[in-house]
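Open the model in your viewer and keep the selection panel at hand. The tour below goes from one selection to the next.

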Amino acid sequence: MIRILAISVLTVLALSALLAGFLTPYSYEAQDREAPSMAPSTKHLLGTDELGRDRFTRLLHGARVSLLLAPAAALLSLAIAVAIGLTAGVAGGPIEQTLSASADLFSSMPWLFLLLIVRAMLPLDVSAWASVGITFVLLGLLGWPGAMRVVRASTTAAKSEGFLLQARAMGIGGPRLWIRQFLPTLRPVLLAQFWISIPLYILTEANLGILGLGVSEPMPSWGNLLFELSGHREVVDSPWLLAPAACLVAALLAMQGLSKSESNPART
Amino acid sequence: MFQQRYLRAFLRIPLTIAFVGVFVIALVRLAPGYGIDEREVDLRFSAESIEAMRGQHVPFALALQSHFGRMLRGQWGTSEVFGAPVDRLLSERWRTTLVSVTMGLTLAWASALLWAGLGSLYRPLDWTGSAVSISLLSFPSGLLAMALFLAGAPVSAGIAIAVFPQIHRYVRQLAAEALNQPCIFAAAARGVSRSALVYRHVRALISTQLWALVGSSAATAVSAAIPMEALCGSPGLGQLAWRAALGRDLALLLPLVLCMTAVIQLASVASELLQTSSPDPVAS
């Protein structure tokens with residue numbers, strides 16, 4: 001039940017993000033100087049911001065950045081985790097110890113501070129796409145240690161598994177043994193790690209955005225749309241300002257539900 | 001054996017700080033903005049004076065040596081945004097963050113332990129605890145900070161809310177595993193009540209593993225302090241980091257990150273040592 005609900009919510013959000021161009025006639029950066037800070041109307045479903053940009057259009061385009069790039073960052077960190085975890089697990093000995101120690105080192109770093117530093121160093125005229133790319137690539141580069149530990153543990157445990165011994169007896173060895181025979185068995189573990197990382201990356205981007213250090217203007221993301229809230233004390237009187245927060249929380253709840261059902265399939 | 005473990009644990013602190021320092025400087029050098037300076041459009045500065053101020057032609061190894069050398073000598077530099085010595089800024093603000101983080105952690109641990117403990121006794125409380133944890137994990141700390149600011153709540157409450165789900169989920173899982181141990185079944189068969197099982201036997205079984213979470217919960221609390229302090233207007237190190245990042249003040253950001261790394265590492269080493277020095281609950 002939770003799984004179906006979660007998939008439905010994510011499908012609706014992903015489809016609205018992908019079809020943003022068809023669902024709204026405005027561009028996310030087009031300014032209507034005649035209508036700044038408007039309340040919702042039939043023309044602008046969620047009103048307009050201070051620059052007269054349509055909030056609904058920016059919400060849909062913001063979903064693209066958050067929903068499509070977070071999985072890309074999760075894939076990047078998973079690829080790094082698989083490469084390092086597999087090497088550590090297969091090699092064992094000092095190589096495993098060194099790689100595990102580097103994973104420990106990486107996981108003990110203050111992530112948000114590092115992101116703040118790199119984001120702070122970007123030039124003020126950096127293009128919006130460059131800021132998006134750099135933010136998510138960094139998230140991917142910093143997020144591998146957790147998944148690496150899981151892959152290394154699974155590889156170490158699988159070394160003496162029957163199917164691998166059988167494959168070795170049939171003459172399969174080297175990278176082919178681990179990539180073609182062993183890696184597919186990690187699919188459930190990797191899927192669970194993938195679903196766990198996505199909300200984490202969306203949350204981090206949102207936090208950076210709320211602090212004004214996320215994706216650069218005029219590109220919208222759920223994070224930088226939330227930045228607007230910090231200046232609005234009249235949120236109670238203008239609840240439509242909370243639409244990006246509602247979408248973000250709905251997406252994250254759906255992902256939490258999905259990751260829970262992925263790691264606990266028997267219960268769903 | 002124990003001495004070696006202690007020595008290794010404490011050696012990890014300077015090693016991590018050095019690694020983070022190298023990593024940060026490397027990141028800064030690789031960042032697309034490195035070498036671009038808005039002072040170039042300021043007519044008060046000449047090209048030579050800007051060049052002298054940023055010193056961008058220093059090789060990487062020399063830059064590292066210079067940064068660490070100055071910091072070790074106690075010369076932490078001057079913040080460009082605040083126009084004040086970095087060590088003075090840090091010493092003025094660390095107490096605010098320490099109080100918020102300590103109170104937040106205490107609140108989070110107390111409520112998570114209580115809720116997970118009661119959840120082991122009463123099923124509905126377990127479900128609600130789990131639902132609350134999942135819901136809180138879906139809220140960005142920044143959004144929570146805004147809500148708390150509007151409600152007039154203290155920063156420590158926000159930090160507690162940010163850390164609570166991590167502790168609650170872990171304690172809940174440990175308690176569920178402990179309740180399935182043969183010794184617990186044996187105690188239940190001998191007529192020990194459910195509440196006595198949880199508060200006496202399960203608590204003893206999981207206490208050692210709980211120490212392991214102290215370090216990571218401290219790290220979460222320190223990270224959560226940035227948006228909480230920045231958006232709630234609390235004058236701590238989190239707000240300092242935020243304003244330094246907005247002002248692209250690397251002279252302040254680097255020492256700040258190294259200090260935070262040291263704090264997180266100290267908490268992590270302390271929790272590791274507490275865990276290893278705790279007696280084995282099954283053996284005792």
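How many helices and how many strands does chain A have? Select chain A in this predicted model: it has 12 helices and 0 strands. Coloured along the sequence, chain A reads α-α-α-α-α-α-α-α-α-α-α-α. Show the C-alpha trace of chain A next; along its principal axes it spans about 75 × 45 × 30 Å.

Now bring in chain B and select the residues of the contact. Chain A supplies 37 residues to it and chain B supplies 47 residues. Between them, chain A and chain B bury about 3,800 Å², and 81% of this area is on carbon and sulfur atoms.

Stay on the chain A side and hide the rest. Which elements give two or more residues to the side of chain A that touches chain B? Select α4 (93–107), α5 (111–121), α6 (128–142), α10 (187–210) and α12 (243–263) of chain A. Of these, α5(A) gives the most, with 8 residues. Colour this side of chain A by residue class: 30 residues are nonpolar, 5 are polar and 2 are charged.

Next, look for polar pairs across the interface of chain A and chain B. There are 0 salt bridges. Residue pairs in polar contact, with both residues at pLDDT 80 or more, number 3.

Last, move to chain B and select helix α7, residues 155–179. How far apart are the end C-alpha atoms of this helix? They are 36 Å apart; at 1.5 Å a residue, the 25 residues of α7 of chain B should span 36 Å, so the two values agree. Then centre the view on Val163(B), where α7(B) has a kink of about 35°.

Notes: Residues are numbered from 1 along each chain as its sequence is written. Chains are lettered from A and ligands numbered from 1 in the order in which they are written. This is a predicted model: local features need pLDDT of at least 70, side-chain atom pairs count only at pLDDT 80 or more; totals for chains, interfaces and linings use all residues. Side-chain values use heavy atoms; hydrogens and water are left out. Contact means heavy atoms within 4.5 Å. Buried area is the accessible area (1.4 Å probe) that two parts lose on being put together, summed over both. A salt bridge is a side-chain nitrogen of Lys or Arg within 4 Å of a carboxyl oxygen of Asp or Glu. A polar contact is a pair of N or O atoms within 3.5 Å; within protein, one must be able to donate a hydrogen and the other to accept it, and residues adjacent in sequence count only if both atoms are side-chain atoms. Helices (H or I, at least four residues) and strands (E, at least two) are DSSP runs, numbered from the N terminus. Ala, Val, Leu, Ile, Met, Phe, Trp, Tyr, Cys and Pro count as nonpolar, Asp, Glu, Lys and Arg as charged, and the others, Gly among them, as polar. The expected span of a helix is 1.5 Å times one less than its number of residues. The bend at a residue is the angle between axes fitted to the seven residues ending there and the seven starting there.
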